Amino acid sequence: MIKLSFILLSAMLGLDLSSQVLFSPDTLLARVQQQANLFPYEKLHLQTDKSVYVGGEAIWFRAFPVDGVTNEPSFVSRYIYTELIDSLETVVSRTCFRMEEDSIYAGNIPLDVSLPEGQYILRAYTRYMENGGKEYFFRKPIRILPLARKTDEGPVYIPREKTDYQVDFLPEGGQLLAGTPCRIAFKALNSKGLGEDIIGWILDEKKDTLQPFRSTHRGMGVFTWRGEKGKKYKAHCRNTQGVIQVVELPVAEENAYSLKVEESIGKVFVSVLHAEGMVVSDSLLLFAHQRGRPLYSEWVSATQNEHYSFDKQLFSSGTVHWLLVDSQGRIISERLAFIRKADQASLTVESDKSVYSFREKVCLTFTLKDCKGNPVSGNFSLAVTDKRDVRVDSTITILSSLLLASDLRGYIEDPAWYFKDEERKTQHALDVLMLTQGWRRYDMAKVFCGAYTRPAVQPEQSMCLSGSVKTLVRRKPVENASVRIWSPGVKMLETVVTDSAGCFSLKGFEFPDTTSYHVYAVSEKGKENILLEVDTARYPSAVQALMPILPETQGNKERFAAYEEKTSRYLGSQDSIRTILLDEVTISARKKKEYKTPYQQSMSTKSIMEEEIRQSPTQDLGTLLQSRFPGVAPYDVGECYFLFDGVSIENKSDRETILRNFSLENIAQVDVLKGPETVGFNPMAKGNVLIAITTKRGFFEPYEYSQKNRLQVLLMGYRPKVRFYSPAYETEEDRNRLELDLRTTLYWCPKVQTDKEGKAFVEFYTSDSGDSFSVVAEGVLDNGQLFRLQQDI
């Protein structure tokens, strides 16, 4: 009532409510913090042992899930998923990995020997990361080479290189201000999505040349421009092939603001610019956050194009999002900037020798220190590869993933390049990158208005089997139905009850991949004439998951050919089999029928196969069962549970008809199961005897004759832990073994632990192919400090 009276009074006095201040600095701070609390997010980085593989090898990796704000290790999700995506945007491999006992996520991804050659995308994510969309997922290009290559492929057609490209011009702060000098960044991309180097000139309506410009890194550059009110300008661009593109510059705005951000030694300067001659508001708010954590919120003035100074100690390394907000909470300008500080950990390595021979022990000593130079206990993943065969991938690192790429929208070409040094040229290129990218997390405009985003998918803590039970006729939910879930392979037997919607869900368990489950449902009154459905797991689409393919150099081609030849020899020697491509052969013989029933999974199952049934002297099924299984009473309805092609035969007369009259020639297999495991196929059974008859028709038309309240499902489980094999040549006999050692990855360890003095010691042996190798290690301290080591020895 008081609020309504205030509005009426304001209307009577002619007050303009739209000009009143509705937001305060503290309000925005509180709302952004509330959004961060309601929707914390995860980020993920993967270190792989290398980036080039041959079909038949395995990708060894460790995943680093971290808190999106602090970069501290995150353990809210128990599982991560990895996918290998081909050039047709098809997922050719999907694997689930669980957090191990030592609180790390690691494993290997076997590569099929028949994988076609080409660039693939290795994608990784948690279920919780799906809340933000697939653009949040970790992606890394992986090159797959064929295990065997044909030498006579005939003439090779090399398509003509396309010269198309496009150029975008992006004013700093989002607006080009009339009459005020502003910086304009530009980004030129070719038809492959890669940066295209260009030069250009700004022309006015009279086609007078006003200003030249030139890209400085990966097709990106920046220049300062003062646009006049009401005038149009065009940029004439030319690439290295001489192709010219003409692009209109953004129109200079007469009534707009823009943020300008500059960095000097130890300081960050933020200026609030406005168009020349406009009426300037005195109710503007400058807001800053870093990865969703609010840092600054204060009223500012734009009357004299003032600038504000901030000490870099206010920030940590990473992307900072600056926003200029009006009194209504509307964003009128925004700018991304990157802060680089010496606030990350460091790792060094020393070897016991400078030169090594073949099959010789290598001893490495690692020292881990925090950002202040103090020794610290922590862990890291370690890959040691043959320097002559493997070129270390330095385009994607833990620093570029977690500090840069994970917070920006769009593809970044060679993101690790921006962390290679602290030279002025690199810093400038990084700032230009910030001018051409966008913030990719929360919708800050909605957050400022109190419209918060909440996660729809909660962190995955266990695996889940869910579904529903409905009536057969009208598909109505069946409440209080008993659903029995049985898996003989993992010795699991559970019962759940459906809710009022007919739905059931079993959680709190996990299982390795390819585990089979039998699901059986009956109504509250024990009736079987119901429909059981099990939910199918859904996974993110692979559409638009690809990354631009980098052009191949002659040096890469030669290196790939040598790697392919060497690895093929090594894999052949390991398997004692050479892969030989044969011409197609047509087999004219009749294919032998192979039967397999779900009842065979139990160790206590006894089966009579088709050949035994055919050779049996008995004339009917009942006599066959009694002769082969003494003590089993197939005619006893109370003692034996009887299944005929998956259909329960409980009527005594029907059972007798089958046992005495059904022809043995039409039976493919008989399974007899005794003991408590019978309840896996019948929750109402008392654990006596199960007799399952599968006819030849039942094998080839199983769904038509199976009951609707039974299902056998194969769920995606986790991949069991596999240890990387690294040979030890401890004796002279070992060193003189004739087996080839052509390893390209000499050593891989997903977790190397340092002691309280920051020390860790690693030993491995060199191979037969060389004495030089590359060491790459990556890790995250408990406080979120990142570190990476890359060194040749």
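# A chat about strands, bridges and cavities

Guide: In this predicted model, the side chains of Asn379 and Arg62 make a polar contact at 2.8 Å.

Visitor: Hi! Where does Asn379 lie?

Guide: Asn379 is part of strand 25.

Visitor: And is Asn379 buried or exposed?

Guide: Asn379 counts as buried, because its relative accessibility is 17% and the cut-off for buried is under 20%.

Visitor: What is Asn379 in contact with, leaving aside its neighbours within four places in sequence?

Guide: Arg62 is on that list, together with Lys751, Val752, Gln753, Gly779, Val780 and Phe787.

Visitor: Let me step back a bit. How many helices and strands does the protein chain have?

Guide: The protein chain has twelve helices and 43 strands.

Visitor: What share of its residues counts as buried?

Guide: The chain has 793 residues, and 50% of them count as buried.

Visitor: What about contacts between residues at least 6 apart in sequence: what share joins residues at least 24 apart?

Guide: That share is 71% in the protein chain.

Visitor: Now for charges. How many salt bridges are there in the whole structure?

Guide: A search of the whole structure turns up 38 salt bridges. One of them pairs Lys43 with Asp407, with 3.8 Å between the closest N and O atoms.

Visitor: Which parts does that pair tie together?

Guide: Lys43 sits in strand 1, residues 42-48, while Asp407 is in the loop between helix 3 (398-404) and strand 26 (408-409), so the bridge ties together parts that are 364 residues apart in sequence.

Visitor: Are Lys43 and Asp407 buried or exposed?

Guide: Lys43 is buried, and Asp407 is buried too.

Visitor: Which residue meets Glu57 in a salt bridge?

Guide: Lys50 does, with an N to O distance of 3.1 Å. Glu57 is buried at a relative accessible area of 12%, and Lys50 is buried at 5%.

Visitor: And what does Arg94 pair with?

Guide: Arg94 meets Glu83 in a salt bridge, 2.8 Å from N to O. Arg94 belongs to strand 5 (residues 91-98) and Glu83 to strand 4 (residues 79-85), so this pair ties together parts that are eleven residues apart in sequence.

Visitor: How do Arg94 and Glu83 count in terms of accessibility?

Guide: Arg94 has 28% relative accessibility and counts as partly exposed, whereas Glu83, at 1%, counts as buried.

Visitor: Which residues do salt bridges with shared partners join into one network?

Guide: Glu172, Arg183, Arg335 and Asp431 are joined that way.

Visitor: New topic: cavities. How many are there of 30 Å³ or more?

Guide: The count is two cavities of 30 Å³ or more. The largest cavity has a volume of about 180 Å³.

Visitor: What lines the largest cavity?

Guide: Its lining has 18 residues, and those nearest the centre are Thr48, Lys140, Val392, Asp393 and Val776.

Visitor: Which elements give two or more residues to that lining?

Guide: Strand 1, strand 25 (379-386) and strand 42 (773-780) do. Strand 1 gives the largest share, which is four residues.

Visitor: I'd like to look at a helix too. Which residues are buried in helix 9?

Guide: In helix 9, residues 652-661, the buried ones are Arg655, Ile658 and Leu659. They cover an arc of only 95° around the axis, so they lie on the same side of helix 9.

Visitor: What do those buried residues pack against?

Guide: The buried residues of helix 9 pack against helix 8 (621-628) and strand 35 (640-644).

Visitor: And where is Arg710?

Guide: Arg710 is in strand 39, residues 710-715. Arg710 counts as buried at 15% relative accessibility, and its side chain makes a polar contact with the side chain of Glu528 at 3.3 Å.

Visitor: Last one: where is Glu524, and is it buried or exposed?

Guide: Glu524 is in the loop between strand 32 (515-522) and strand 33 (530-534). Glu524 is exposed, with a relative accessible area of 60%.

Visitor: What is Glu524 in contact with, leaving aside its neighbours within four places in sequence?

Guide: Glu524 is in contact with Asn480 and Ala481. Glu524 and Thr498 are 26 residues apart in sequence, with 9.7 Å from C-alpha to C-alpha in space.

Technical notes. Residues numbered from 1 in each chain as written. Predicted model: local features only at pLDDT ≥ 70, side-chain atom pairs only at ≥ 80, totals over all residues. Heavy atoms only, no water. Salt bridge = Lys/Arg side-chain N within 4 Å of Asp/Glu carboxyl O. Buried < 20%, exposed > 50% of the residue type's maximum accessible area, 1.4 Å probe, protein only. Arc of directions from axis to C-beta. Contact = heavy atoms within 4.5 Å. Polar contact = N/O pair within 3.5 Å; in protein donor to acceptor, adjacent residues only side chain to side chain. 1 Å grid on protein atoms, 1.4 Å probe; cavity = no way out; pocket = protein on both sides within 12 Å on 5 of 7 lines; lining within 4 Å. Points joined across faces, edges and corners; volume = space filled by probe spheres on them.
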